Structures are given as C-alpha cells and as structure tokens.
Amino acid sequence: MPDRLEEAKLTRLTAQRIRQLAEIDPDRPLPLDRAPKAGRTHLFDWRVLVPYFRNRKSRQGQRTDRMRPPQEG
C-alpha cells in the first residue's frame, strides 16, 4: 500500500503507520477487524481508500498512544 499511495500522488506512509491508522482512526472507511483477509493480509477496496487518504488531516506530533479507542454502542 505505501507504493500505491505514492503512485496516486499521495503522501507515502509506512506500512506500520497504515496499520496504526487502520486500528485507531475512527474516520477510516472500513475498520481493520471488519476487513476480509487472504492469508495474513487484510484486503481493502482501493477506490474507497483513496478518498480517505486524500482527505485525511495529518496530525504530526499528536500522541496517539494516549488516545482512547473508539467506544461501541
């Protein structure tokens, strides 16, 4: 996915950062736990992710380790 982001003229993120966003970002179109899997890889529809990454606000320096996980219900 980092290469695909770069090809789409979007900010290149590391695989680790992409996974972190999938786990903690409440604005992500499809949460990681609901994504289908092929082996150990999660599958996502690229057409849905491009607008997400294009419109995502960068929060450099924000302490994500202190964020509370989104509450269900």
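**Exercise 1. State which residues lie nearest the centre of the largest pocket, and how many residues line this pocket.**

Solution. The lining has 17 residues, and Met 1, Ile 18, Thr 41, His 42 and Phe 44 lie nearest the centre. A pocket here is an open set of points on a 1 Å grid over the protein atoms alone where a 1.4 Å probe fits, with protein on both sides within 12 Å along at least five of seven lines; lining residues have an atom within 4 Å of a point. The model is predicted: local features need pLDDT of at least 70 and side-chain atom pairs pLDDT 80 or more, while totals for chains, interfaces and linings use all residues. Residues are numbered from 1 along each chain, and side-chain values use heavy atoms, without hydrogens and water.

**Exercise 2. Find which element gives the most to the lining of the largest pocket.**

Solution. Start with the elements that each supply at least two lining residues: α1 (2–7), α2 (15–24), β2 (41–42) and α3 (46–55). Helices (H or I, at least four residues) and strands (E, at least two) are DSSP runs, numbered from the N terminus. Of these, α2 gives the most, with five residues.

**Exercise 3. Determine which residues of α2 are buried and what they pack against.**

Solution. Seen down the axis of α2, the buried residues fall within an arc of 100° (taken from the directions from the helix axis to the C-beta atoms), so they line one face of the helix. They pack against α1 and α3 (contact: heavy atoms within 4.5 Å).

Terms used. Buried < 20%, exposed > 50% of the residue type's maximum accessible area, 1.4 Å probe, protein only.
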